[in-house]
Amino acid sequence: MDPVSSEPLLMRLGRHSARHRKGYVLTWAVLVVLGFVTSLGLLGGSSLFDRLETGDIVAPGQAQTARDLVTATDEGALQVVGRVDGADPTDSAVARAAAGLVERLEAVDGVGAVTGPVPAPDGSDSFLVTVEVGSEIGGPVQDEVAEVLREDGAELLAPYDAELSVGGTGLLVDDVVDQIKSDLTRGEGIALPLSLLVMVFVFGGFLAAGLPIVGAIASISGALAILFGFSYLLDLDATVVNIVTVMGLALCIDYGLLLVSRFREELSSTTDVEEAVGAAVATAGRTVLFSALIVGISLSGLMVFEAPIMRAIGAAGVSVVAVALVVALTLVPALCAMGASRLVRRRGAEAAPEEGVFSRLARVVQRAPVLTTVVSVAVLLLLAVPALGLRLTASGVELLPADAEQRVFAERLEEDYPALASPGVTLVAQADEAQAAGLARQLADVPGVTRVDPPRTLGPLPDDVAAPGSDPDGPGLVSIGLHTEGTAMDDPAREVAETLRDADLGVPTWVSGQTASLQDFTDSVMDRAPWAALWIAGATFLLLFLLTGSVVIPVKALLLNIVSLGASLGILVWAFQDGALGGLLGFDSTGGIESVIPLLVLAFGFGLSMDYEVFLLARVIELHEQGADDDTAVRVGLQRSGRIITSAAAIMVIVFSGFAAGQMLVIKQTGFALAVAVLIDATIVRMVIVPATMTMLGRWNWWAPGWMKRIHARYGVSEHSSPVRAEPAPVSR
């Protein structure tokens, strides 16, 4: 047999990347430039950020049906609103200036109806001018109208010392996208320099520390390019960009750290750079491969859900994990080969000694493994208690910082012009004029309803929209807005929506609005959650079994993940829903957690925790394979992997904290929750509970039924040690 063909595939890939290092690096350099140029629109044309959307979280149900019916029958245009404060609209000179402004707005190509001046209902010196600008958010008509309002309005109203502000739904969406871009820049600006400093400390040199950072930049480029492509296939919510990009950034640094560290370890015992790179990819690269598969499986579980935003995050997330994996297995090894002569001179970061802080920690844990396990799990369960009071919400303008221009505009407009306030609940009904009038009177008596808007005629029932319960031969559609106390996410709106969903109002009806959309989303999640959990748990169990040959280790890992993620959600609820960290993190609590966050924490957090599980197990199994007894394998395995796990976790926490420092509430919650999940997993779980439970179980760690052992012998990983460096088994002490 050809000796090359008998080598592991990953070792051959490592050799190839080392032998053709310049080609790999040049190819990646071109791909990175193309990724940034394409996704950011640097050569003209649309960019990723131009194609983002934002709105209610939707899933199949009444709210989606109502939304589809309204969209199909009502060509309502977006409005740009100009508000003038400090000028009396009844004054003849002010009225002439306002009329002049209206004329200039009507002269803009593509503008629909222009209304104004509309005086404030309380008689104060304030009025509005509203302009219909079509249905395209961020379109040229919207931008030109906003410019005319700001510039021409300021010019015409200058003599009256009036304050002019401009807002509207389209401008609000633009504000959200701009905030996303700002938070992305801020997060990367914090994460990359601090991550570099951590790795300089770990590796003892800038070159070794810089290699994972270069890989991370490649990952960011790939993530943005993939999301740009997905924007043509899926409606991408603006928050998806930061969530997916930060995941790719964190994983790429993690994987680069592991590979560079293992390469230096291999290089310390051979002068053949290709051999060292091949061995690093064959060992650490296999760990990275298993980790990426598990993370990808976790994120693919999001695609089981019906909500488009969850499917978009799942699909984009899996793709970005694939980019991080390819970067780790091709670009980082090639960079290691290029810098080998300088890396080998700095021997302070090679293989960890058998004795050190982590082995001493393991000894302490191993003296009382049962007590350690019970106390640690009890602490995690206590931290998880607040999660029992989890309350989901779907914020609107509250996602933006309190001082954001469009949030301030929207909140002031709703307060001062209540007739223009959006209804908390909207009812779409198939009813004629008389039925609609009777329905409006009936709705006014529903507990919690403070005001009912007059019925608005939409048109005939569309043929291309599936509307369960509708009458094909019945009358057309009407829309009725219901106002309640507080916001659309407060209890009165939720109770009204719930009442109407279950009520028989005599005609076919569909309830929509933020709270109805949230209820449909929650119901859909609960319906699909068991299937997603089954897929993630089953596939993860299979991969860990193929890696370890054990049934016990995968089951234990899954159970510990449930407990640690519960603790993370508990801390998230305490910090954000209860508002305990509002002052420290700079936010006002909305009284709940954004609806997508728990799913993201469970999917992303599960994958990341398994990341460290694989890092630790790979070393323990390697030592076990060399003949070490169980306790020694655990102790020395923790010592050899502890530095990498804690360093990777520190970098992950930095990356996620950088995004938690952003201003968008959903990004802040995601960054905080994932930082907490990584911190808990890398400390309490990986450093304490896992060594304790492995010590308790002893040889039972490796148990599996005979038929499964035969499957592992044929299809599983059977060799974990370095293919070029032989090590004696550690001595039990």
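This is a predicted model: local features need pLDDT of at least 70, side-chain atom pairs count only at pLDDT 80 or more; totals for chains, interfaces and linings use all residues.

Residues are numbered from 1 along each chain as its sequence is written, and side-chain values use heavy atoms, with hydrogens and water left out.

**Helix pairs**

- Start with helix α6 (residues 169-203) and helix α8 (residues 238-267), which pack at an angle of about 10° with their axes 10 Å apart. Helices here are DSSP runs of H or I with at least four residues, strands are runs of E with at least two, and both are numbered from the N terminus. Axes are lines fitted to C-alpha atoms, for helices over the stretch in contact, and angles run from 0 to 180 degrees between N-to-C directions.
- α6 and α8 are therefore roughly parallel to each other, a label for angles under 35 degrees.
- On the α6 side, the residues that meet α8 include V176, I180, L184 and F203; among those on the α8 side are V241, L249, I253 and R264. Contact means heavy atoms within 4.5 Å.
- The residues of this α6 and α8 contact split into 15 nonpolar, 5 polar and 3 charged. In this scheme, Ala, Val, Leu, Ile, Met, Phe, Trp, Tyr, Cys and Pro are nonpolar, Asp, Glu, Lys and Arg are charged, and the others, Gly among them, are polar.
- Next come α17 and α20, packed at an angle of about 10° with axes 12 Å apart. That makes α17 roughly parallel to α20.
- F521, V525, I536, T540, L544, L547 and T548 of α17 touch L599, F606, M610, V614, L617 and I621 of α20. No charged residues take part in the contact of α17 with α20, which has 11 nonpolar and 2 polar ones.

**The second largest pocket**

- About 900 Å³ of space lies in this pocket. On a 1 Å grid over the protein atoms alone, a pocket is an open set of points with protein on both sides within 12 Å along at least five of seven lines, a cavity is a set where a 1.4 Å probe fits but cannot get out, and lining residues have an atom within 4 Å of a point. Grid points are joined across faces, edges and corners, and a volume is the space filled by probe spheres set on the points.
- Of its 36 lining residues, V525, A529, P598, L599 and L602 are the closest to the centre.
- α17 gives the largest share of the lining, 13 residues.
- By class, the pocket lining has 24 nonpolar, 8 polar and 4 charged residues.

**Cavities**

- The structure holds 5 cavities of 30 Å³ or more.
- The largest cavity has about 180 Å³ of space. L258, R262, T287, F615 and R619 are the closest to its centre among 15 lining residues.
- The lining of the largest cavity divides into 5 nonpolar, 5 polar and 5 charged residues.
- The second largest cavity, at about 50 Å³, is lined by N242, I243, V246, F659, I667, T670 and G671.

**Single spots**

- G116 and P117 are joined by a cis peptide bond, with omega at about 0°, and P117 sits in strand β2 (residues 114-119).
- V552 is in helix α18 (residues 552-577). Setting aside neighbours within four places in sequence, V552 contacts L697, W700, N701 and W703.

Conventions: Angles under 35 degrees count as roughly parallel, over 145 as roughly antiparallel, 65 to 115 as roughly perpendicular and the rest as oblique.
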